[in-house]
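This report describes the fold of one protein chain.

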Amino acid sequence: MNALQANTPCYVLLDGKQRLAPKLIAPDSGPQCVAIYGFSDKQPYDLFIANSKLALTPYPLVKGYLKNQITESSDVIHLVVIDATGPQQSPLNAATVDCVLQAQQQNANQVSVSFRLTLDGDAKAYRVEKASPGLDETSRSVETQSTS
């Protein structure tokens, strides 16, 4: 079984001082998810900026921020949406913050996609779904590290 791979994100977009994030629909059961948009290079974030009405600024996705997200709360899965083309794109691919951090620490060019976000037009927010059967191991890894 091959997991879907995406380029490792190393930038975020800031709206003022806040990292830009898609609005997510709360799950009926299971852990909550939060996400930020992450970009692997200038071309993807330029495309996103061109498709957004906000005045956005690129900023490095730093390891310290990723580490803080992992340790912040054990009952939340933190995600990085990878190379979205705009604020209304659907579906979106996402990796856990843990996977992105590991990829950055290992200087890996790619990261495994473990979640898919689908836009719900009525709610104007994204539903989060597991992207592959191997997701349970990824989720446990995030939760285990959060409580360590």
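The text below covers the chain as a whole, then its parts.

## Overall layout

The model is predicted. Four helices and 10 strands make up the secondary structure of the protein chain. Along the sequence, these elements come in the pattern β-β-β-β-α-β-α-β-β-α-β-β-β-α. The protein chain has 148 residues, and 41% of them are buried. Of the contacts with a separation of 6 or more, 69% are between residues 24 or more positions apart.

Five strands form an open sheet in the order 4-6-7-9-10, and the pairing is mixed. The edges are taken by strand 4 and strand 10 (125-130); each has a single partner strand, so one side of each has no neighbour in the sheet. From one strand to the next, the twist averages 35°.

Strand 7 (residues 92-96) has five residues, four of which are buried, so this strand is largely enclosed by the rest of the structure. Strand 7 pairs with strand 6 (residues 76-82) in the antiparallel sense, over three bridges. Strand 7 also runs antiparallel to strand 9 (residues 115-120), again with three bridges. Within the pairing of strand 7, Leu79 is opposite Thr96, and Val80 has Ala95 as its bridge partner. Towards strand 9, Leu92 is bridged to Leu117.

Two bridges join strand 2 and strand 3, which pair in the antiparallel sense. Asp15 lies opposite Gln18, a residue of strand 3.

| Strand pair | Sense | Bridges |
|---|---|---|
| strand 2 and strand 3 | antiparallel | two bridges |
| strand 6 and strand 7 | antiparallel | three bridges |
| strand 7 and strand 9 | antiparallel | three bridges |

In general, the strands of a sheet pair through backbone hydrogen bonds, in either a parallel or an antiparallel way.

## Helix 1

Helix 1 (residues 42-50) has three buried residues: Pro44, Tyr45 and Phe48. Viewed down the axis of helix 1, these buried residues fall within an arc of 90°, so they line one face of the helix. They pack against strand 2, strand 4 (32-38) and strand 5. On the face of helix 1 turned away from the buried side are the exposed residues Gln43 and Ala50.

In helix 2 (residues 63-72), the buried residues are Tyr65, Leu66, Gln69 and Ile70. Their directions, seen down the axis of helix 2, fall within an arc of 140°, so they too line one face of their helix.

Two packed helices are described by the angle between their axes and by the distance between those axes. For helix 2 and helix 3 (residues 97-105), the angle is about 145° and the axes are 9 Å apart. The crossing of helix 2 with helix 3 is left-handed. On the helix 2 side, the contact is made by Lys63, Leu66, Lys67, Gln69 and Ile70; on the helix 3 side, by Val97, Asp98, Val100, Leu101, Gln104 and Gln105. By class, the residues of this contact are five nonpolar, three polar and three charged.

## Two single residues

Ile70 is part of helix 2. Its relative accessibility is 5%, so Ile70 counts as buried, the cut-off being under 20%. Ile70 and Val97 are 27 residues apart in sequence, while their C-alpha atoms are 6.9 Å apart in space.

Thr8 sits in the loop between strand 1 (5-7) and strand 2 (11-15). Which residues are in contact with Thr8, leaving aside its neighbours within four places in sequence? The contacts of Thr8 are Ser40, Ala103, Gln104, Ala108, Asn109, Gln110 and Val111.

Notes
Residues numbered from 1 in each chain as written. Predicted model: local features only at pLDDT ≥ 70, side-chain atom pairs only at ≥ 80, totals over all residues. Heavy atoms only, no water. Buried < 20%, exposed > 50% of the residue type's maximum accessible area, 1.4 Å probe, protein only. Arc of directions from axis to C-beta. Contact = heavy atoms within 4.5 Å. Pairing = 2+ DSSP bridges. Axes fitted to C-alpha atoms, helices over the stretch in contact; angles between N-to-C directions. Left-handed = near helix turned anticlockwise from the far one by under 90°. Nonpolar A, V, L, I, M, F, W, Y, C, P; charged D, E, K, R; others polar.
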